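Thanks for coming, everyone. Please look at the screen, and I'll walk you through one protein chain.

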Amino acid sequence: MKLILHAILILGLFAFMAQSQSCPLIEYADPLFYSDEPIRIHPDFKPHLDAASSAAKDCSVIVYFKKSFVKDDGKFLGTVPASARKPYSNHFIGHAVNFVVSKKAMPLRFCRPDCLNALELPSHVKCFMDKILANGWRWGKAFNDTTHYDDSFNVKSESKYNDLRKSMQAACSA
């Protein structure tokens, strides 16, 4: 009888651990957002994408997403410019995305890194950038990663970032 109780307790503990480790990422979709893979973000980052959606509509642009949440497997940082390589990327917690922008009327003419580094942005890109930056986005241009955008979660609280990274990577990297 004691053995059966132990087995039930252990199975219950495993079930609880599996439940508490479920991945909280959501997939974000929008008619003006395109991506080759799902845009996977943490729910707390959703208001930023909602603001980007409004900005895209207001500025008549479409947005092509290249990266969102990524698994911390050592491969991702090798794709990031050296000046932006930090072991605490907001991509690891679903609080960052990489994208390029295009005029809605010319959907295949994206403003890529060379365009984003220009002294003067095209008017549709400037409109979009001004609106998202006013809504709390951080632009990676400051650290030479012009297609990167996040909410600065990793610089606001390193301990909260580390806790979230540990739980997100455990729950969402399978």
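One term before we start. I call a residue buried when its relative accessible area is under 20%, and exposed when that area is over 50%. Anything in between is partly exposed. Keep in mind that this is a predicted model.

Take Asn 90. It sits in the loop between strand 4 and strand 5. Is Asn 90 buried or exposed? Its relative accessible area is 1%, so Asn 90 is buried. What is Asn 90 in contact with, once we leave aside its neighbours within four places in sequence? The list includes His 95 and Ala 96. Arg 138 and Tyr 161 are on it too. And there is a run of partners from Asp 150 through Asp 151, Ser 152 and Phe 153 to Asn 154.

Hold on to Ser 152 from that list. Ser 152 is in the loop between strand 8 and helix 5, which covers 153–156. Its phi is near 65 degrees, a positive value in a residue other than glycine. With a relative accessible area of 14%, Ser 152 counts as buried.

Compare Ser 60. Here too phi is positive in a residue other than glycine, near 55 degrees. Ser 60 lies in the loop between helix 2, residues 46–59, and strand 4. This serine is partly exposed, at 39% relative accessible area.

Now the overall layout. The chain has six helices and eight strands. Starting at the N terminus, the order is α-β-β-β-α-β-β-β-α-α-β-β-α-α. There are 174 residues, and 41% of them count as buried. What about contacts between residues at least 6 apart in sequence? Of those, 65% join residues at least 24 apart. The chain exposes about 10100 Å², and carbon and sulfur atoms supply 59% of that.

Next, strand 5, residues 96–103. Seven of its eight residues are buried, so strand 5 is largely enclosed by the rest of the structure. Which strands does it pair with?

- Strand 4, residues 61–67, pairs with strand 5 in the antiparallel sense over six bridges. Phe 65 has Phe 99 of strand 5 as its bridge partner.
- Strand 8, residues 148–150, is also antiparallel to strand 5, over three bridges. There, Val 97 stands opposite Tyr 149.
- Strand 6, residues 110–111, pairs antiparallel with strand 5 over two bridges. Ser 102 faces Phe 110 in that pairing. Strands 5 and 6 form a hairpin, with six residues between them.

Which residues line the cavity? They are Ser 35, Glu 37, Pro 38, Ile 39, Phe 65, Lys 66, Lys 67 and Ser 68. Strand 4 gives the most to this lining, with three residues. By type, the lining has three nonpolar, two polar and three charged residues. Notice Phe 65 in that lining.

Over to you for questions.

Definitions and conventions: Residues are numbered from 1 along each chain as its sequence is written. This is a predicted model: local features need pLDDT of at least 70, side-chain atom pairs count only at pLDDT 80 or more; totals for chains, interfaces and linings use all residues. Side-chain values use heavy atoms; hydrogens and water are left out. Helices (H or I, at least four residues) and strands (E, at least two) are DSSP runs, numbered from the N terminus. Buried means under 20% relative accessible area, exposed over 50%, partly exposed in between (1.4 Å probe, protein chains only). Contact means heavy atoms within 4.5 Å. Accessible areas come from the Shrake-Rupley method with a 1.4 Å probe; for residues, only the protein chains shown count as cover. Two strands pair if DSSP finds at least two bridges between them. On a 1 Å grid over the protein atoms alone, a cavity is a set of points where a 1.4 Å probe fits but cannot get out, and a pocket is an open set with protein on both sides within 12 Å along at least five of seven lines; lining residues have an atom within 4 Å of a point. Ala, Val, Leu, Ile, Met, Phe, Trp, Tyr, Cys and Pro count as nonpolar, Asp, Glu, Lys and Arg as charged, and the others, Gly among them, as polar.
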